[in-house]
Amino acid sequence: MISEVQPSDLFNTDADRTTADQSRRAAVRKALGNYKNARGKSESAFASWSHARDAAATIKYEGVNHLDKYLREFEEKFTARGGKVFWASTSAQAREYVINLARERSVKSIVKSKAMTSEEIHLNEALEKEGYGVVESDLGEFIQQLLHEPPYHFVFPCMHLKREEISSLFERELGSPKTDSPEELTMIARRFMRRHYIAADMGISGANFIVAETGMISITENEGNARLTTALPKIHVALIGIEKIVPKLADLALLLPMLATAGTGQHLTCYNSMYGGPRQPGEIDGPEEFHVVLLDNHRTRLLADPEQRDALHCIRCGACLNVCPIFKNIGGHAYGTTYQGPIGSVITPHLRGLQDWKHLSGASSLCGACTEACPVKIDIHHHLLHNRRNAAEERKIWWERLIWFGYVELMKRPWAFKLALRLAPLGQRFHSLVLGTPFDPVGRWTKTRDFPEASPQSFHDYWQNRKAEAQ
Amino acid sequence: MSGDREQLLARVTEALRVPAPRHHEVSAQPRKPSVTAPFREWLPPVGDSIDAQIDLFAKQSDILKTEFCVCASLAVAAEHLSRLAQEHDWKRLALHRGELTDAIALKLSPALQLLPVDAGYEKDDLETADAGLTECESLVAQTGSVCVTSLSSGGRALSVLPPHHLVIARRGQLLPDLAAAYEDLAIKYASGYPSFISLISGPSRTGDIERILVLGAHGPKKLTVLLVP
């Protein structure tokens, strides 16, 4: 993943390209329109959605702000039921653990349900490099895997694709007949995947919550692929970010319906499953081994920033993407991150470096729709401002400082300010010489907008003249 | 081998030295606080009477495309099941041993081959069964959900691998809300939870292609809930 191109340059060119793709944008808008209606209905079923948000934020605050205590509690309970916990500081450690496990157990085939953590650490590529085949079982992820493309949206991985494109993809990769029916396309994937569930000896999953009190992980899904992935293979490995913690099992009675409402507009997602260990004595089936990999990968860096710590409350519902005017226009891939949209723009600079990813904080209109949509009340749009401030403080840009210095000096002297106003219309005549060329100092603005003409008369002068006339 | 346990936990403890500000109200205390679920009052409301709860479960089932059938007796439930078997030309029904499933099984036509999973099963056999019949822990009126566990419902695969999942439950198993379902589990399994708990809300589904709803993505294409007295 080492590239010579700066992430910010890549972002600029990608965003330009995707914003010009009108038909793709129309498809995304249509999908998100349906979401908006469904979410509104589901939200209004709550006795009080706003109180529920406070209650959910209270639960996540408690969990994240006592993370050490609750992670220990989880480990103790989970281990007592025969589960194994691996603590991974880095993505490399997490990858190595899974690869070594596959090697030691002579694993032949791996089936995987949706796990954004695995995208984050590029687990599939690592396993494939070692010769292990991995099949993504979530329909959207499976389509993205066949396309060799990362997910477009961390909840709706292939929301940008049209059925014709999926049909051609299946025709090419699976040899299935052409169809324009989403149902038939789903059945093609279903038939293909069934063999893999039965043959696989390792199932890899993510998780939506870690429950400290009972030593369980909780997985939310609609398709049943995660249930099959965790029921049939003899080894289950779950890859989870440490921030997924909740203190009590009953907390899920609030968080599961909120996740569904904010995520997809459902009252409850089809399957919400809690796993507390491998197959226990007296049980009919289930894996012989259950490994949980707790992943840090710089989450503790974000944790150490009290101002933005609440960004770790995120339950990855994707609501902030669904309402974001920037996401709707540039789409998911332009971000170049595992976690797209407003929340991704907040956390990526912490996970992957502030200077390389600070440009994402500018990819916002600061309208606050994300903050309003967030079920756990993360102050998303203010965190974008915090990232801008932190980036500027950490590495000061000389020409920006020079401009501000000049500005301050100008503003301190009324005569200089007046002179500048008089000279502005004169100076603007020369602007047309560079307009549209790379030498235009405000080229980023004038590329898509007109530059307003400076008035020959300042407001101050206008006011004085008016007063004089009135007398 | 547990990896970077000590270093990771030390980093967490160090990171938490400075407390974080709250962006939410903690004063929002409900009028009727509950020990396990202090937030219960903010969730979608549920009627108090059992009839109101049955109505709500029926309404939610309708939205979820679950077939929900209130049966006057076990015999009626068995008839309903036999009718389904005939309509869809079922050859094999997978099921687990239990008070309700045993009682139903006795009333089914001998032509329908039964595949009990209790002593283990071949994955291929279960995959090719026409339907899976299970009991459950509880039904949740608030969300139209069926709560299953590996102990109450024949393990992990029986309720997800066959293309049609049938659930048989008693009226007394219908609970008002999710909080009640978790309380019920906490009481039953005070000495140790089953390794698998799932809240099933409708047949398997996906909206991954153009956000259009398709039933039967990877799990059951149909879900039938039979409620007996």
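Analyst: Helices (H or I, at least four residues) and strands (E, at least two) are DSSP runs, counted from the N terminus. The model is predicted: local features need pLDDT of at least 70, side-chain atom pairs count only at pLDDT 80 or more, and totals for chains, interfaces and linings use all residues. Residues are numbered from 1 along each chain as its sequence is written, while chains are lettered from A and ligands numbered from 1 in the order in which they are written.

User: What span does helix α3 of chain B reach?

Analyst: Expected span is 1.5 Å times one less than the residue count. Helix α3(B), residues 74-87, has 14 residues and reaches 20 Å from its first C-alpha to its last, close to the expected 20 Å. Just after α3(B), B:Asp89 takes a positive phi of about 55 degrees.

User: Which residues of α3(B) are buried?

Analyst: Count other C-beta atoms, placed from the backbone, within 10 Å: 20 or more is buried, 12 or fewer exposed, in between partly exposed. Buried here are B:Ala77, B:Ala78, B:Leu81, B:Leu84 and B:Ala85. They sit on the same side of α3(B), because their arc (directions from helix axis to C-beta atoms) is only 120 degrees. The face turned away carries exposed B:Arg83, B:Gln86 and B:Glu87.

User: Why do residues three or four places apart point the same way?

Analyst: An α-helix has 3.6 residues a turn, so such residues line up in direction.

User: What is the strand order in the open sheet of eight strands?

Analyst: Pairing needs at least two DSSP bridges. The order is β8(A)-β5(A)-β6(A)-β9(A)-β9(B)-β6(B)-β5(B)-β8(B), with mixed pairing. β8 (245-246) of chain A and β8 (174-175) of chain B stand at the edges, each with a single partner strand, so one side of each lacks a neighbour in the sheet. Strands β5 (209-211) and β6 (216-221) of chain A pair in the antiparallel sense over three bridges.
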